[in-house]
2 protein chains.
Amino acid sequence: MTASDIVDRVLAGQPRAVARAITHAENGSPAAADVMSAVYPRTGQALVVGITGSPGAGKSTLVDRLAVHYRGAGHKVGVIAVDPSSPFSGGAILGDRIRMKSLVTDPGVFIRSMATRGNLGGLARATGDAVAILDAAGYERIVVETVGVGQDEVDIVKMADVCVVVLVPGMGDDVQAIKAGIMEIGDVFAINKADRDGVLRTEKELENMLTIGHRDDAWSPPIVKTVATADQGIPDLSAAIDSYLAFLEANDTLRAGRRERIAAQRIVDLLRERLLGEALARLGPGEFERLTSAVAARERDPHSVVAEIMRGGQDG
Amino acid sequence: MTASDIVDRVLAGQPRAVARAITHAENGSPAAADVMSAVYPRTGQALVVGITGSPGAGKSTLVDRLAVHYRGAGHKVGVIAVDPSSPFSGGAILGDRIRMKSLVTDPGVFIRSMATRGNLGGLARATGDAVAILDAAGYERIVVETVGVGQDEVDIVKMADVCVVVLVPGMGDDVQAIKAGIMEIGDVFAINKADRDGVLRTEKELENMLTIGHRDDAWSPPIVKTVATADQGIPDLSAAIDSYLAFLEANDTLRAGRRERIAAQRIVDLLRERLLGEALARLGPGEFERLTSAVAARERDPHSVVAEIMRGGQDG
């Protein structure tokens, strides 16, 4: 398939073309930029929901149930699971996870895991591209789920229209710790596993924290209790997500501000990746390894090496 | 102080100069590159210990106790706490945390929190610079602690000589989830809060996981049980850290490989930040905002905008 064929088929909503386009985006192949430029004007229709929270909070099950809920409402649903990968092997460790058993045979659902490839970044950029491809292909609800709560993952979830932060009861110190990283990105909070002891205390702690928080949009994030494994609370979660969207849509300035922040992030992510790739590609064979060895041996320092690379290696 | 003054005083081990040099590094000020180039040849003496693990695992207390232990052995100790920051306000949320009460008046200990500044990255680069500054200033033990376990934080901890992953008993599903992100970077594992129920089960699960893991250096990471709040297990943790270092030092190829991987990461982090900063600085006033608005309105797509920025904005 040529880039133009892929674009036509993506816009016609063909899942295989969507999968292929996302693979191009992941690999940063030459066709990717053409595909992305062509599909981008057709984006902006989907509701993009970002879901993050500590490992073990039951996010995957919650996402599964939310996707089923959206299917029940007649929407096409895309799910992107952003998995961390081994920094050494570079593989997607969760790729073999059996996800979303109930949905995997439903043609109205597209599921994709995205993983970090190597050290050169690009996961946020590739995730943004995948969201745009699904959006252009007519998926009306796109759920982006991250495994962890690191800065990288927070940056990815920030590109959603609505961010859901998932907690579990009895986290104790964890609520405090999590607050540091992701509290301010939560437009909606879900306390999952809400059949466990301590749910009221966690809810109270969360309410207190939200009281002292300062959002620049004056929104009071709703707190929803869910038991994803028992399919409880999912309509409430969906309603809470919609309520934030309605709030945004009632306020043009906020809506525009959020869209511009997302656009700025997309530009920066892509620019950073392209600039680095281009600079490294300019180096001669073995040059990067030579410079690395010199730095490791303390014969050179990283700052002067980088200055040399940026000058195009003339004095290398 | 000129850059040269700062360098002289850093090399003489003066804490105020160290603090100022780190601030330059954080801000990426023009003096920073000069300072870093000058101090870098004097680095490589310190033992750099990276400590990561889930929020709530008690890492801060563990770091405090380890620092006290190192002080007791007569070492100067540097502690760098890598805090996530609010993606919206850009401030260091944990900056106000009262850390290390027992050490804060000890002139042989230097404590610093580092936080993400804005969206343009640079935290890993700044943390690497701070480690180099402390190393050159004669701090013999440098502990780098991260709050979370995201990819960004994993990348930072990877730059340590020895990585400690901290778990707590009874994590259940969490051990599995954590495995995905950080299992392979743990040279040493600490099960903290080891006076809690479930410690043996967690230890067993961890052992099983380490059995199926595949490290490229054939090291079997030791598992140490600690109760940081009661100051238990800290000498064992220190000994486990030393044992990995001894293992590395007995194998020149491994040691060199690790140093080269760290050097490569440092070069890439710095290069990425510099290239992005330079490209954005080339844009005219208001240009980035204009491009961002066009992308937000779907009048332009991010890929063609980035191509334009990389051409130097000639067709802007």
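Tutor: The term pLDDT stands for the predictor's confidence in each residue, from 0 to 100. This is a predicted model, in which local features need pLDDT of at least 70, side-chain atom pairs count only at pLDDT 80 or more, and totals for chains, interfaces and linings use all residues. Residues are numbered from 1 along each chain as its sequence is written, while chains are lettered from A and ligands numbered from 1 in the order in which they are written.

Student: What pLDDT does chain A average?

Tutor: In chain A, 84% of the residues score at least 70. Over residues 85-98 of chain A, the pLDDT is below 50. The average for chain A is 84.

Student: Which element of chain A has the lowest mean pLDDT?

Tutor: Elements here are DSSP runs numbered from the N terminus: helices (H or I, at least four residues) and strands (E, at least two). Strand 7 (residues 223-225) of chain A has the highest mean, 97. The lowest, 53, belongs to helix 7 (residues 173-182) of chain A.

Student: In what order do the seven strands of the open sheet in chain B run?

Tutor: Two strands pair if DSSP finds at least two bridges between them. The edge strands, each pairing on one side only, are strand 3 (109-115) and strand 7 (223-225) of chain B. The pairing in the chain B sheet is parallel, and the order is 3-2-4-1-5-6-7.

Student: Which residue is the bridge partner of Ile191(B)?

Tutor: Strand 6 (residues 188-191) of chain B pairs with strand 7 of chain B in the parallel sense, over three bridges. The partner of Ile191(B) lies in strand 7 of chain B and is Lys225(B).

Notes: Contact = placed C-beta atoms within 7 Å.
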